[in-house]
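Here are a few exercises to work through with the model open beside you. Try each task before you read its solution.

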Amino acid sequence: MNEFRPFRQSDAARIGHIAQRKANGSAFLRITIALAIVAAILAVPSHFTDVSELRFPLEVAGVTLLASVLAGPAFPFLRWAVTLLLAAMLFLKLADIGTGTAFQRPFNPYLDLKILTDGWNLLSGAVGVTEAVGIICAGLLAWLIVAAVLYWSLGGFRALSRGARRVSARVSGAALLIGLAALVAQDPDRRSLGVEAHAASYFVNRVTMVTRSIADLARFEEELKQDPVSAGPHFSALAGTDVVLIFIESYGRSAIEDSRYAARVGSRLTSVEKEIEAVGLQARSGWLTSPTVGGISWLAHGTLLSGLWVDNQGRYDRMITSERTSLNNLFRSSGWRTTAVMPAITLDWPEAGYFGYDSIHAAAGLGYRGKPFNWVTMPDQFTLEAFERLERPVGHKPVMAEMALISSHAPWTPLPSLIPWDKVGDGAVFNAQAESGDPPSVVWADPNRVRAQYLTSIDYTLETLGSYMARYGKNTLFILLGDHQPASIVTGEGALRDVPMHIVSGNPDLLKRLDGWNWQKGMIPLPSTPVYRMDEFRRKLVESFD
């Protein structure tokens with residue numbers, strides 16, 4: 001028969017000890033999750049980089065020390081502060097990756113929040129509205145989940161016993177001291193000891209970026225007061241000549257000089273040169289430096305037409321409310337009819353009033369009845385043919401046109417091909433082309449496929465322009481240029497921001513006026529051909545043709 005043994009105080013202590021060990025074990029699991037999230041957010045780069053460049057963030061030891069020492073009312077404050085700061089950092093770093101991939105620069109909260117609508121238009125146009133909503137919602141949900149798990153897991157510090165907190169404080173304090181010593185001792189260039197203090201400098205740099213942007217807008221006010229070009233009239237040497245200024249989407253220097261594209265694009269430019277020479281046209285080619293890369297084409301348009309360096313949205317917004325005379329208005333006041341042909345414009349375009357157009361042909365006004373090519377509303381060939389039909393009938397007044405060709409815009413699928421000009425009609429003939437090819441989700445799964453599609457799109461646009469100039473080039477000065485380099489997935493990291501420009505005319509006397517530019521004869525600029533900033537073009541054009 002079992003004998004009843006009374007419950008002793010030592011049994012209670014043993015049970016309490018076991019319970020506390022279990023509680024500490026559960027708390028340490030939560031703490032491990034918290035510190036893993038802290039380390040991941042701090043260590044994740046603001047741009048894609050080699051894994052070997054990652055460093056252990058010292059802030060992990062600092063957070064551990066503070067959370068182990070602080071108790072009572074101070075701990076909830078620390079918990080919320082760490083969660084909110086790291087959630088903000090994660091958001092900014094993800095935004096950095098996005099703007100770095102697209103525009104090769106970090107995210108600027110002061111300037112870039114204004115272009116979120118344009119980002120939505122591009123994303124939804126490229127992958128579809130449903131898919132775009134899914135991508136954005138998935139991203140926001142993942143961000144919120146990370147923040148929520150971080151907040152929950154930081155609570156593990158409060159569940160620790162006093163003894164466990166003391167051990168945690170000693171270990172983390174020692175780790176912090178060793179890390180600080182290593183940070184001071186390591187080579188600042190090589191960072192060979194593998195530690196890094198990152199959070200404070202990251203937020204300081206972001207605040208500095210915003211303050212510099214504000215100061216830059218103050219400098220821009222001074223630039224607006226200085227215009228090297230008088231009110232006019234100008235361009236007397238061009239009297240009676242149509243001037244057709246064409247921006248080619250994503251046509252950058254890399255298309256001509258990068259070994260992955262040079263052979264095909266060089267061959268196409270040589271072919272275009274022979275084609276236009278056969279009808280009496282000649283070309284001069286050189287380089288301009290664009291204020292943007294990867295996108296935000298309107299910055300390039302604004303820079304070229306205003307003669308101001310417009311490299312961010314803040315400058316652009318101020319430019320369109322200023323009294324600065326655009327290149328379009330200079331032609332308008334000198335006797336030309338001015339027009340804009342913008343197949344990418346599908347919404348209201350309030351800033352158009354600044355540029356000074358007598359007429360504007362947006363996507364809906366060009367008469368296209370075919371199917372869109374994904375984000376691209378219509379193929380370049382239709383845009384050019386519509387311009388001839390709408391603005392250059394027989395006996396028309398001299399016209400100065402600004403046009404944007406968009407067939408070489410991402411996502412570069414599906415792609416059109418050149419057809420006989422007399423078959424263009426209302427564009428329905430392009431429907432079969434618009435329904436061909438793989439969707440963006442397939443193309444963009446393979447970077448090499450993306451680059452191949454980009455190359456084909458540039459080749460198509462150049463081929464189309466060559467055929468167009470040979471057909472419609474009489475009594476016309478063509479100015480063809482890229483708006484910016486494509487994204488780094490095409491060019492690689494660190495590519496120059498230069499874009500090609502080709503000036504084509506059948507009047508040798510007009511081209512002779514460009515001799516002072518020292519640009520290359522023909523359609524292929526050389527690596528040594530002079531480079532001018534895009535904001536210099538307006539002044540140089542006025543000086544050359546006055």
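Contact means heavy atoms within 4.5 Å. This is a predicted model, in which local features need pLDDT of at least 70 and side-chain atom pairs count only at pLDDT 80 or more, while totals for chains, interfaces and linings use all residues. Residues are numbered from 1 along each chain as its sequence is written, and side-chain values use heavy atoms, with hydrogens and water left out.

**Exercise 1. Describe the surroundings of Q381.**

Step 1: Find the element. Q381 lies in helix α15; helices (H or I, at least four residues) and strands (E, at least two) are DSSP runs, numbered from the N terminus.

Step 2: Check the exposure. Buried means under 20% relative accessible area, exposed over 50%, and partly exposed in between (1.4 Å probe, protein chains only). Q381 is buried because its relative accessibility is 0%.

Step 3: List the contacts. Leaving aside neighbours within four places in sequence, Q381 is in contact with S417, L418, I419, P420, W421, V424, F430, Y460 and T464.

Step 4: A polar atom of the Q381 side chain lies 2.7 Å from the backbone oxygen of I419.

**Exercise 2. Work out how helix α15 is enclosed, and test its span.**

Step 1: Name the buried residues. In α15 they are D380, Q381, F382, T383, L384, E385, A386, F387, E388 and E391.

Step 2: Draw the conclusion. Ten of the twelve residues are buried, so α15 is largely enclosed by the rest of the structure.

Step 3: Find the cover. It includes β3, β5, β6, β7 and α18.

Step 4: The expected span is 1.5 Å times one less than the number of residues. For the twelve residues of α15 this gives 16 Å, and the end C-alpha atoms are 16 Å apart, which agrees.

**Exercise 3. Trace the pairing and the faces of strand β6.**

Step 1: Find the partner. Strand β5 (residues 337-342) runs parallel to β6, and four bridges join them; two strands pair if DSSP finds at least two bridges between them.

Step 2: Pick one bridge. M342 has A362 in β6 as its bridge partner.

**Exercise 4. Which residues touch the most other members of the largest nonpolar core?**

Step 1: A nonpolar core is a set of buried Ala, Val, Leu, Ile, Met, Phe, Trp, Tyr and Cys residues joined through side-chain atoms within 4.5 Å.

Step 2: Read off the residues. Of the 52 residues in the largest core, these are I246, V265, Y468 and M469.

Step 3: Find the main contributor. Helix α18 gives the most to this core, with nine residues.

Step 4: Follow one residue. Not counting residues up to four places away in sequence, I246 touches L384, M403, L405, L465, I479, L480 and L481.

**Exercise 5. Decide where to read the model with care.**

Step 1: Start from the mean. pLDDT is the predictor's confidence in each residue, from 0 to 100. The protein has a mean of 86, and 86% of its residues reach 70 or more.

Step 2: Confidence is lowest in strand β2 (residues 195-196), at a mean of 53, and highest in strand β9 (residues 498-505), at 98.

Step 3: Apply the caution. Where pLDDT is low, the predicted coordinates should not be read in detail.

How values were computed:
A polar contact is a pair of N or O atoms within 3.5 Å; within protein, one must be able to donate a hydrogen and the other to accept it, and residues adjacent in sequence count only if both atoms are side-chain atoms.
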